[in-house]
Amino acid sequence: GSRGSGAVAIPEAEDVYAEMERAGAIAYLKDGLAVLLEVRPVDPLLFLGAYFKNIGRPEGLAVHLIRACPRSRPCFRDNLYSAFAALRRAQASSPLPPVAVREECAATVDCS
């Protein structure tokens, strides 16, 4: 059969990739998949969902990364480093003084 004039053009894979790269999504996908492969959570989709949900909130991402891997596993040290790096980047771009950023982050972490 012939297609009507209302057919939707499907973009080529290269076009989709280029647009995702331009928007910065490729870097987030690579980071998320690298952490996923390192942590190897029981539910990978749930893990990635939480990772991407928190990517825009450095304190939320830091908490997610620290809790994602038990201290006894090698991935804990890498996740801890990534968590602090995210907080450092947020602090550098924050209008709040460093103490306020620390207090805001501490309010989000359950230390028990």
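Biologist: What elements does the protein chain have, and in what order do they run from the N terminus on?

Modeller: Please keep in mind throughout that this is a predicted model. The protein chain has 6 helices and 0 strands. Read from the N terminus on, the order of its elements is therefore α-α-α-α-α-α.

Biologist: How much of the protein chain is buried?

Modeller: The protein chain exposes about 8400 Å², of which carbon and sulfur atoms supply 60%. A residue counts as buried when its relative accessible area is under 20%. Among the 112 residues of the protein chain, the buried share is 23%.

Biologist: Among contacts with a separation of 6 or more, what share comes from residues 24 or more positions apart?

Modeller: Contact here means heavy atoms within 4.5 Å. Of the contacts in the protein chain with a separation of 6 or more, residues 24 or more positions apart account for 37%.

Biologist: How are helix 4 and helix 5 oriented to each other?

Modeller: Two packed helices are described by the angle between their axes and the distance between the axes. The axes of helix 4 (residues 58-68) and helix 5 (residues 75-93) come within 8 Å and cross at roughly 175°. Because angles over 145 degrees count as roughly antiparallel, the relation of helix 4 to helix 5 is roughly antiparallel.

Biologist: Which kinds of residue make up the contact of helix 4 with helix 5?

Modeller: Helix 4 contributes P58, E59, L61, A62, L65, I66 and A68, which meet F76, N79, L80, S82, A83, A86, L87 and A90 of helix 5. By class, the residues of this contact divide into 12 nonpolar, 2 polar and 1 charged.

Biologist: How many aromatic pairs does the structure hold, and which residues do the ring pairs link into a cluster?

Modeller: The structure holds 2 aromatic pairs. F47 and Y51 form a stacked pair, with 6.5 Å centre to centre and 20° between the planes. F47 and Y51 are 4 residues apart in helix 3 (residues 44-54), which means that about one helical turn separates them. Y51 also pairs with F52, edge-to-face at 5.4 Å centre to centre and 80° between the planes, and the ring pairs thus link into a cluster F47, Y51 and F52.

Biologist: Is H64 buried or exposed, and which residues does H64 contact beyond its neighbours in sequence?

Modeller: H64 lies in helix 4, and at 16% relative accessibility H64 counts as buried. Leaving aside neighbours within four places in sequence, the residues in contact with H64 are F47, A50, Y51 and N54.

Biologist: What does V35 touch, not counting residues up to four places away in sequence?

Modeller: V35 has its place in helix 2 and is buried, with a relative accessible area of 12%. The C-alpha atoms of V35 and Y51 are separated by 9.2 Å, although these residues are 16 residues apart along the chain. With residues up to four places away not counted, V35 touches F47, Y51, L65 and N79.

Biologist: Where is I55, and which residues is I55 in contact with, leaving aside its neighbours within four places in sequence?

Modeller: I55 sits in the loop between helix 3 and helix 4, and its relative accessible area of 26% makes I55 partly exposed. The C-alpha atoms of I55 and G32, 23 residues apart along the chain, are separated by 9.3 Å. Leaving aside neighbours within four places in sequence, I55 is in contact with Y28 and L61.

Biologist: Which residue has a positive phi although it is not a glycine?

Modeller: The residue in question lies in the loop between helix 2 (25-39) and helix 3, and at 60% relative accessibility it counts as exposed. Its phi is about 50°, and the residue is R40.

How values were computed
Residues are numbered from 1 along each chain as its sequence is written. This is a predicted model: local features need pLDDT of at least 70, side-chain atom pairs count only at pLDDT 80 or more; totals for chains, interfaces and linings use all residues. Side-chain values use heavy atoms; hydrogens and water are left out. Rings of Phe, Tyr and Trp (its six-membered ring) pair if their centres lie within 6.5 Å; planes under 30 degrees apart count as stacked, over 60 as edge-to-face and the rest as tilted. Helices (H or I, at least four residues) and strands (E, at least two) are DSSP runs, numbered from the N terminus. Buried means under 20% relative accessible area, exposed over 50%, partly exposed in between (1.4 Å probe, protein chains only). Accessible areas come from the Shrake-Rupley method with a 1.4 Å probe; for residues, only the protein chains shown count as cover. Axes are lines fitted to C-alpha atoms, for helices over the stretch in contact, and angles run from 0 to 180 degrees between N-to-C directions. Angles under 35 degrees count as roughly parallel, over 145 as roughly antiparallel, 65 to 115 as roughly perpendicular and the rest as oblique. Ala, Val, Leu, Ile, Met, Phe, Trp, Tyr, Cys and Pro count as nonpolar, Asp, Glu, Lys and Arg as charged, and the others, Gly among them, as polar.
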